[in-house]
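Dear colleague,

I am passing on the structure below, followed by some notes on what turned up when I went through it. Please read the notes with the structure open beside them.

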Amino acid sequence: MKKAELMDYDKALELFEPVLGFEVHVELNTKTKMFCGCANEFGQGANTNTCPTCLGLPGGLPQVNAKAIESSIRLGLALGCEIAEYSRFARKNYFYPDTAKNFQTSQYDEPIAFNGQLTIELESGRLVTVDIERAHMEDDAGKLTHVGGATGRIQGADYSLVDYNRGGVPLVEIVTQMIEGGEADSPEIGRTYVAAIREIVKGLGVSNARMEEGNVRCDANVSLRPRGSNILGTRTETKNVNSLRSVERAVRYEIQRQAALLAAGGTITQETRHWHEDTGITSAGRPKSDADDYRYFPEPDLVPVAPSREWVEELRATLPEPPAARRKRLQADWGFANLEFQDVVNSDLLDAVEATIAAGSAAQAARKWWTGEVARLANVAGVAADSLVHPVQVAALIELVVAGTLTDRLARQVLEGVIAGEGTPLQVVELRGLAVVSDDGALIAAIDEALAAQPDVLAKIRDGKVQAAGAVIGAVMKAMRGQADAARVRELVLERAGTAE
């Protein structure tokens with residue numbers, strides 16, 4: 001795919017002012033779908049979680065999921081929204097193979113939540129307030145897989161397969177007002193805003209919030225207007241971006257692409273665009289429809305949603321600590337430096353580290369293991385770190401290291417065994433025989449053998465060249481298969497050489 005001409009980012013900002021908007025789709029983690037009793041489960045066999053209602057077959061009538069209504073209200077409250085006393089569903093009409101009904105059941109002019117506001121903090125410390133226009137309920141579409149061709153897109157594919165398991169899954173779509181004044185920070189604003197939404201829904205417990213599974217997806221709207229102009233530019237909408245890094249990259253790319261096109265005398269097409277993770281570019285999708293094109297009309301098979309004010313206030317009382325306040329409290333409690341704490345946040349490991357500390361681990365040890373070895377293994381496996389191993393297991397592993405049962409090297413092997421399903425850390429230690437050899441007699445025997453094999457090293461140690469002990473320590477560690485405490489081996493080597501420090 002040919003890459004578009006791009007303007008230098010700083011040059012683009014000299015000529016144009018970016019105007020942003022974001023639509024974040026949050027899949028709710030209810031047990032069943034939005035309007036039927038089918039299971040809301042990820043990763044099941046294709047078209048197994050379906051029924052006449054979510055397939056849009058004749059005679060299938062929808063019924064609203066009460067838990068989804070509750071989750072939507074709680075999310076709206078957490079975003080500072082007003083909760084409508086009366087809202088209703090509408091039919092958003094369009095034909096596409098992933099929507100078996102030929103319409104999406106959504107909310108149009110009467111959403112459940114509206115007029116919200118969320119303040120985010122950038123890495124520089126700059127605070128940006130994002131005004132939220134609405135947070136409305138709808139059901140998700142199915143999933144298309146395009147087979148054949150080089151891009152995985154419908155263009156050039158031999159054929160397409162559709163899985164309707166996701167069709168009907170409860171969604172909340174959060175739509176911002178225009179975001180102006182972002183300037184050079186615009187890409188970071190996109191990433192930070194989506195990260196804040198994700199953190200909120202995780203804290204509320206209303207979504208699994210795994211972007212790699214599509215639980216949180218972002219449509220990024222970008223337009224440019226010439227410096228000094230009050231006329232908005234034509235926007236593009238980059239659809240279904242499903243990682244925080246990609247949101248940032250997609251916004252930056254669109255600013256550079258649109259700036260180059262406008263500076264050359266071209267025009268921007270109002271369209272949806274696809275984000276390509278492998279190449280870091282966007283490509284044209286379809287012309288962007290306006291609301292009139294969808295022919296919205298009230299859903300005749302569903303009654304309006306009219307939550308009582310008493311129930312709304314009861315739900316407000318269940319809201320957890322705001323994410324920003326929680327982060328400040330945790331950093332103070334743990335004593336992390338700014339870079340240490342930001343490393344945990346950026347790695348999306350705040351919950352995992354908190355749970356590990358709650359299970360008894362020291363804060364720095366929890367941070368070290370999660371952002372180090374666990375993150376490395378997760379990256380190799382291509383999964384989220386917190387899905388690889390439970391915090392309780394990490395805490396148990398750290399306890400074995402602190403107790404001297406394991407060295408860090410042995411603990412890494414034990415971690416691999418835990419992840420492989422061989423049991424708890426202690427069970428893996430026993431199964432694999434990985435505990436540190438604490439018997440000084442066995443260590444001394446190995447040391448004497450190593451010293452006898454290297455008489456020149458022994459002489460160097462006795463002449464005061466203590467660093468020469470490293471050769472003996474290495475030989476002992478090899479003989480003990482790494483199951484010795486190197487510090488203790490060093491002490492014993494110096495004792496046997498008669499030069500104990």
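A residue is called buried here when its relative accessible area is under 20%, exposed when it is over 50%, and partly exposed in between (1.4 Å probe, protein chains only). Please bear in mind that this is a predicted model, in which local features need pLDDT of at least 70 and side-chain atom pairs count only at pLDDT 80 or more, while totals for chains, interfaces and linings use all residues. Residues are numbered from 1 along each chain as its sequence is written, and side-chain values use heavy atoms, with hydrogens and water left out.

On that scale Asn-47 counts as partly exposed, because its relative accessibility is 33%. Asn-47 lies in the loop between strand E1 (16-27) and helix H2 (66-78), where helices (H or I, at least four residues) and strands (E, at least two) are DSSP runs numbered from the N terminus. Most residues other than glycine have a negative phi, yet Asn-47, which is not a glycine, has a positive phi of about 60 degrees. Glu-183 also has a positive phi, of about 50 degrees, without being a glycine; it sits in the loop between strand E9 (170-176) and helix H3 (186-204) and, at 26% relative accessibility, is partly exposed.

The loop between E1 and H2 also holds Thr-53, which counts as buried because its relative accessibility is 16%. Setting aside neighbours within four places in sequence, Thr-53 has contacts (heavy atoms within 4.5 Å) with Phe-35, Cys-36, Gly-60, Leu-61, Pro-62 and Lys-101.

Trp-370, in helix H9 (residues 363-381), is buried as well, since its relative accessibility is 0%. Beyond its neighbours within four places in sequence, Trp-370 is in contact with residues including Leu-349, Ala-352, Val-353, Thr-356 and His-390. The C-alpha atom of Trp-370 is 9.1 Å from that of Ser-347, although 23 residues separate the two along the chain.

Finally, helix H6 (residues 323-334) packs against helix H8 (residues 350-358) at an angle of about 45 degrees, with the axes 12 Å apart. The two helices are therefore oblique to each other, given that angles under 35 degrees count as roughly parallel, over 145 as roughly antiparallel, 65 to 115 as roughly perpendicular and the rest as oblique. The contact is made by Arg-326, Arg-327, Arg-329, Leu-330 and Trp-334 of H6 together with Leu-350, Asp-351, Val-353, Glu-354 and Ile-357 of H8.

Technical notes: Axes fitted to C-alpha atoms, helices over the stretch in contact; angles between N-to-C directions.
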